[in-house]
Amino acid sequence: MKMLEKCKLTVVSQVHILTYAMQSTYLLTYRPWKALIILAVPMILGNLFQQLYTMADTAIVGRFVSSSALAAVGASYSLTNIFICVAIGGGVGASVIVSRYFGAGEYAKMKRAIYTALISFLTVSITLGIAGLAMSRWIMAALNTPTDILGMAADYLGIYFLGLPFLFMYNVLSSMFNALGKSTVPLAFLIFSSILNVVLDLFCVISLGMGVKGAAWATLIAQGLSAILSLMVLMRTVSKLTKERCGLFSLSELRQMVRIAIPSILQQSTVSIGMMLVQSVVNSFGTEALAGYSAGMRIESICVVFMNGIGTAISSFTAQNLGAGSKERVRRGYRSALAIVTVMAALLLLTVESFKEGFIMLFIGEGISEEALGTGVDYLAFIALFFIFIGFKMSTDGILRGAGDMKAFTIANLVNLTIRVLVAMIFAPRFGIAFVWYAVPIGWIANWLISYREYRTGRWEAAGIGNGT
């Protein structure tokens, strides 16, 4: 009798696991366009929310502390952005492995891959955090931070390094949820973290008068709580998929993650460095031109969020379907992604062309000069014509990244960056600031053509992560 009851419980448990897995495998079963939209929309909303949150966070420090405090926070931006690139790139590498196992139904291996990623990146982040905490003042001095804000900048950076493990874990956990097709979960935690961060900013900066330190502690607390809650939900999600025992760490799977993560980290980091070089060219044209260009860049970054969401979605879609052996479905997904970004590009173009002056004035204010307004409007009006190519680029890159074909992916993105930097630095000083943005679509198109050529060869089908690993 007890044996019969035990068998019944086992069957019920397996049914629950199977049902849960079916609910999570829409990337393998739904029509490709529908699956991509379901996965991409929460990521797009999350990124838009994060953009708005960043603007609000900056405004609080600038308005309620001082312009010097705002400069102190901004002084470490280029450095902290590199750590964010490392965290995101690490998450990308881990998510591709997890997606492949999930698509193949190998849930025990998937579980071990998740544990491997969490342990590895926690170790890396703690090591970097300790080193950074000890060297924060020296680092800011080496970056030529003005002496009047050096102390505030070092304090902010030190607290940032203290929270580095939370930053890494949150980004890696978000990638894990996306790999499982559950992009609504990181969206919910992002909204929670962002709202909590703004509330804590107001409390610490205004009520407690903590200044820059208050802004840093607010971010640390919000990210820390969000990372802990995300970990709890992920562990519960994984336990529903499999009760099978697995190891906590696999060196071979870590190598596969690193192989995919490093090109992604390099791509994002070099883009940040490249944009700093382009920014130095723009700076030479004066404050007003810089103000207009910066406002235009803010609008562009918001528009690109839509394309990036589809590119990230097609990456997880590709990894899961290759894991399930559905290569033709990946091709159908790619065609669907191109159709979606084409529609998005048309809508964005119509919106930007209709409201370009109003968008620029949102960021610069009523005292805007004709030069600043003209620069921003010219930039937006031109770049909006080519949004379709950034969509094509990100969709094709997403296929290669999801398949683990990182060589062509890396080359394409380096060519993109090189074109943008060289054209801006060589031609803009001689022929005008417009060459800064003329270079942008040239880089996008070159990137897309290189990636598309690799896609057409079909090598990405076997580039992957290794069948049977």
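Leaving aside neighbours within four places in sequence, which residues is Ser226 in contact with? The legends below begin with that residue and refer to a predicted model.

View 1. With neighbours within four places in sequence set aside, its contacts are Tyr170, Phe189 and Ser193. The relative accessible area of Ser226 is 0%, so the residue counts as buried.

**View 2. The largest nonpolar core and a separate one**. The largest nonpolar core holds 113 residues, and Met110, Leu234, Met307, Phe387 and Val436 have the most contacts inside it. Helix α12 (residues 287–323) gives the most to this core, with 14 residues. Another core, of five residues, lies apart from it; Tyr156, Ile159, Ala216 and Leu220 are among them. Leu234 is in contact with Ile114, Leu118, Leu173, Met176, Phe177 and Leu180, leaving aside its neighbours within four places in sequence.

**View 3. Salt-bridge network around Arg331**. Glu328, Arg331, Arg335 and Glu461 are linked in a network of salt bridges. Between Arg331 and Glu328 the closest N and O atoms are 3.3 Å apart. Both residues belong to helix α13 (residues 327–364) and are three residues apart, so about one helical turn separates them. Arg331 also forms a salt bridge with Glu461, where the closest N and O atoms are 1.9 Å apart. This pair links distant parts of the chain, with Arg331 in helix α13 and Glu461 in helix α18 (residues 460–463), 130 residues apart. Arg331 is partly exposed at 25% relative accessible area, Glu328 is partly exposed at 44%, and Glu461 is partly exposed at 22%.

**View 4. A salt bridge between buried residues, Asp397 and Lys393**. The two side chains meet at 2.9 Å, N to O. Asp397 and Lys393 are four residues apart in helix α15 (residues 387–403), which means that about one helical turn separates them. Relative accessibility is 2% for Asp397 and 6% for Lys393; buried means under 20%, so both count as buried.

**View 5. A nonpolar surface patch that includes Phe203**. Leu133, Leu162, Phe203, Leu208, Met210, Trp217 and Ile221 make a patch of about 600 Å². Phe203 is found in helix α9 (residues 184–207) and is partly exposed, at 43% relative accessibility.

**View 6. Helix α14, residues 370–383**. This helix of 14 residues reaches 20 Å from its first C-alpha to its last, close to the 20 Å expected at 1.5 Å a residue. Its buried residues include Leu373, Val377, Tyr379, Leu380 and Ile383.

Notes:
Residues are numbered from 1 along each chain as its sequence is written. This is a predicted model: local features need pLDDT of at least 70, side-chain atom pairs count only at pLDDT 80 or more; totals for chains, interfaces and linings use all residues. Side-chain values use heavy atoms; hydrogens and water are left out. Helices (H or I, at least four residues) and strands (E, at least two) are DSSP runs, numbered from the N terminus. The expected span of a helix is 1.5 Å times one less than its number of residues. Buried means under 20% relative accessible area, exposed over 50%, partly exposed in between (1.4 Å probe, protein chains only). Patches are made of residues with over 30% relative accessible area and no salt bridge: like charges are joined within 9 Å, nonpolar side chains (Val, Leu, Ile, Met, Phe, Trp, Tyr) within 5 Å. Accessible areas come from the Shrake-Rupley method with a 1.4 Å probe; for residues, only the protein chains shown count as cover. A salt bridge is a side-chain nitrogen of Lys or Arg within 4 Å of a carboxyl oxygen of Asp or Glu. Contact means heavy atoms within 4.5 Å. A nonpolar core is a set of buried Ala, Val, Leu, Ile, Met, Phe, Trp, Tyr and Cys residues joined through side-chain atoms within 4.5 Å.
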